Amino acid sequence: MITGTIKTQIDQIWNAFWSGGVSNPLSVIEQLTFLMFIKRLDDLQTVEERKSEDLGLPIARRIFPEGADDKGEPYDNLRWSRFKHFEAREMMRIVDEHVFPFLRQLGEEGSSYGTHMKDARLGFSNANLLAKVVQMLDDIPMDDRDTKGDVYEYMLGKIASAGTNGQFRTPRHIIELMVNIMKPQPGDTICDPAAGTCGFLVAAGEYLRGHHPEMLRKKQTRDHFHNSMFHGFDFDATMLRIGAMNMTLHGVENADVSYRDSLAEEHGTDAGAYSLILANPPFAGSLDYDTTAKDLLKIVKTKKTELLFMALFLRQLRIGGRAAVVVPDGVLFGSSTAHKDIRKMLVEEHKLDAIIKLPSGVFRPYAGVSCAIVVFTKTGVGGTEGVWFYDMTADGFSLDDKRTPLLDAEKLGVCPAQTLTDEEHAKNNLPDILARWGDRDAEATRLRTAQSFVVPAADIIATGSWDLSLNRYKEIEHEEVTHAAPAEIIAELRALEAEIVEGLDRLEGLLG
């Protein structure tokens, strides 16, 4: 649990960067990631040394070699526990000229903990700033996994820019809603083809720890959890580093977080490889046919990234695999042939489970685009009987750029500590979504005037365009309003006019 004290410490680190001339939020988090990685390497070696000392055996895994590097600096001086005590300029020399080249070397050697450090560079030249940040980071108590993960999540939450390539962070409560709907299982193999900071993978891991703790006590399922369950891809090196560190600090030792342009590369190697996909891919517009993977174009002939990602999800899922993904509203009702083809595939060739319409401000301040969560299962033989629609109108936060909480902390999120009243539900629909999703038999009886309802597949097919927009099926209940007859209204107006004239005549008589 992250405390107010720790938040204050992180805020002070952030402010130190800003006052020291590092103002790009992504640069700040990248430099913090490097420093936390350096500290973690030292912690790992310290654990190995203690284990060796207790057992009287040689060190099984030595990260920092004995002796000196090729510039003559003792490897011991490259360790966090040593250089944190150095004078600022000496610390700067060690970190810039020796520690970062050592990180790049680890990356080139392909070690599991150095893969994303191939182009690591110290991003500031102020020795006093480095010394201050190292001291501040060292003062934050990060002894257990929960605190490490929460600290890093809080740091990521301070990224106030949308970054590049259309990237923006999916709000944590929306991620948790999608994960709770999908209920990851110990046997799942989970993928996010546009992973960014790995928010979906982290949330899935935390869900499994909370709901299936026994999996970490059995060797086979524990090895699967740490080495082969989680797969995240991105083509931004900064995001890969941040995502890999996020997974590590949340206790996943060797997640597959790797470079891939998901829409440009052929997917023969992992076609049908995953049982669960959780994603909010970027909707950057259009790609050239020449740069798009040919196997995706065989599924749907289009240049639009949102449709290509849907084709990718279908390609990567195994039969019986499930997906919960965020799409822009255009995917649900677009009139192009490619739009219709994707919707037809979901409804007629696979099993479309749900469409959850999100309020348009849910991704502010990054984007104001209207989106929906699409939940489906890959079958290859159909299976859609009825599609569950939910009209989310509130997620617990204001829908403007400030995104101010509308309720107390214990009443926010998917599983609040307290049951919400009807008035509070109007400000946070997430618990209701999860409750109704868990009782879909009852949902089938709801009228289409309700906030959620089920539409038979036949009704969707009958539209001819496989329209999946909620407004196409939602019925609005109009209250009957009774008006007086026109003659009665005119008579009332004439009576009022007569009263006014009489009043004016009386006033004129008094004045005269």
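This is a selection-by-selection tour of a predicted model. Residues are numbered from 1 along each chain as its sequence is written, and side-chain values use heavy atoms, with hydrogens and water left out. As the model is predicted, local features need pLDDT of at least 70 and side-chain atom pairs count only at pLDDT 80 or more, while totals for chains, interfaces and linings use all residues.

**The sheet**

Start with the nine strands of the open sheet, in the order β3-β2-β1-β4-β5-β7-β6-β8-β9, with mixed pairing. Strands are DSSP runs of E of at least two residues, and helices are runs of H or I of at least four, both numbered from the N terminus. Two strands pair if DSSP finds at least two bridges between them. Neighbouring strands are turned by 15° against each other on average, direction ignored; axes are lines fitted to C-alpha atoms, for helices over the stretch in contact, and angles run from 0 to 180 degrees between N-to-C directions.

Next, select β1 (190-192) and β4 (274-279), which pair in the parallel sense over two bridges. I190 stands opposite L276 in β4.

A salt bridge here is a side-chain nitrogen of Lys or Arg within 4 Å of a carboxyl oxygen of Asp or Glu. R436 is buried at 14% relative accessibility, and D432 is buried at 19% (buried: under 20% relative accessible area; exposed: over 50%; partly exposed: in between; 1.4 Å probe, protein chains only).

**Other salt bridges**

The count comes to 25 salt bridges. Select E73 and R93, which meet at 3.2 Å. E73 lies in the loop between α2 and α3 and R93 in α4, so the pair ties together parts that are 20 residues apart in sequence. E73 is buried at 9%, whereas R93 is partly exposed at 27%.

Then go to D395 and R403, paired at 2.5 Å. D395 is buried at 0% and R403 is buried at 13%.

**Helix α20**

Finish with 486-511. None of the 26 residues of α20 is buried, so the helix lies largely in the open.
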